[in-house]
Amino acid sequence: MAAHDGPLLSVRDLTKRYGQRIGCDDISFDVWPGEVLAIVGESGSGKTTLLNCISTRLPATSGTVTYQMRDGQPRNLFEMEEAERRHLLRTDWGFVHQNPADGLRMTVSAGANVGERLMAVGNRHYGQIRETATDWLSRVEIMAERIDDQPRAFSGGMRQRLQIARNLVTAPRLVFMDEPTGGLDVSVQARLLDLLRGLVADLGLAVIIVTHDLAVARLLSDRIMVMKDGHVIETGLTDRVLDDPQAPYTQLLVSSILQV
Ligand SMILES: Nc1ncnc2c1ncn2[C@@H]1O[C@H](COP(=O)(O)OP(=O)(O)O)[C@@H](O)[C@H]1O
Ligand SMILES: [Mg+2]
């Protein structure tokens, strides 16, 4: 029990430079089990860079990211073997991309897209895989009769729901999301957000979600980190940051939303 105390993820002094350009600069924060952290800020503020570095999809220039493995042991992700990191990404983590095509295999069936992740955690029984895949499709409101269809035949909203099912089927402990509702119509966005909120609560997921949309952060997150020009400007509980922003930049962000 004691071994599982402490943060799930600890980021320390993380910096990413693209040549002379700053992607993100000297970022430190923790994420606790079951916590939803929203990283907000305008376009170009470094949100995606930060998310890609902490999920080891992009090499950082300096800093460390420590992850508490399922056995309770904290591990420095940047010192991990490539194969072990890939295994984490396929099992204990999820990554939901803004564009579903980046997170799905578009020319294999919906069922196979979900089943593939189950096989990565050692599931070999075809009937069981298909049953679990069917169950997950229904959880994301995709009818069972679409299980053999390829995602390229799906609407944008359906593709995004399939990407979510594919990511959550392995019961990950941490899910990274980069603007998961960004490419969708407003009405479809609202439904997807509702679905996401339910799943995150039911599964007790820890989530790091990048969004430029404060309404998304309000609905999904416990805590907000505001970024500008690669720096963290303000961080705090979501309601506090949005209702009583302290930094002038956050005040500007919040008020520009309220004027819409
Ligand atoms: N591959 C890249 N090469 C060079 N500069 C990049 C690259 N990706 C991002 N940047 C720069 O890093 C900064 C942060 O970008 P990004 O992380 O994409 O911000 P956000 O996700 O908040 O829109 C921007 O100045 C951007 O131009
Ligand atoms: Mg981005």
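Strand β9, covering residues 223-228, runs antiparallel to β10, and six bridges join the two. Please keep in mind that this is a predicted model.

- Strands β9 and β10 belong to an open sheet of six strands with mixed pairing, in the order β6-β7-β8-β3-β9-β10.
- At the edges sit β6 (93-96) and β10 (231-237), each of which pairs on one side only.
- On average, neighbouring strands of this sheet are turned by 15° against each other, with direction ignored.

- As background, most residues other than glycine have a negative phi.
- Glutamate 141 is not a glycine, yet its phi is positive, at about 65°.
- This glutamate 141 lies in the loop that links α4 (126-139) and α5 (156-168).
- Glutamate 141 counts as partly exposed because it has 13 C-beta neighbours inside 10 Å.
- Alanine 171 also is a residue other than glycine with a positive phi, here near 55°.
- You can find alanine 171 in the loop between α5 and β7 (174-178).
- Is alanine 171 buried or exposed? Alanine 171 has 12 other C-beta atoms within 10 Å, and a residue with 12 or fewer is classed as exposed, so alanine 171 is exposed.

Note on methods
Residues numbered from 1 in each chain as written. Chains lettered and ligands numbered in written order. Predicted model: local features only at pLDDT ≥ 70, side-chain atom pairs only at ≥ 80, totals over all residues. Helix = DSSP H or I, 4+ residues; strand = E, 2+ residues; numbered from the N terminus. Buried ≥ 20, exposed ≤ 12 C-beta atoms within 10 Å, placed from the backbone. Pairing = 2+ DSSP bridges. Axes fitted to C-alpha atoms, helices over the stretch in contact; angles between N-to-C directions.
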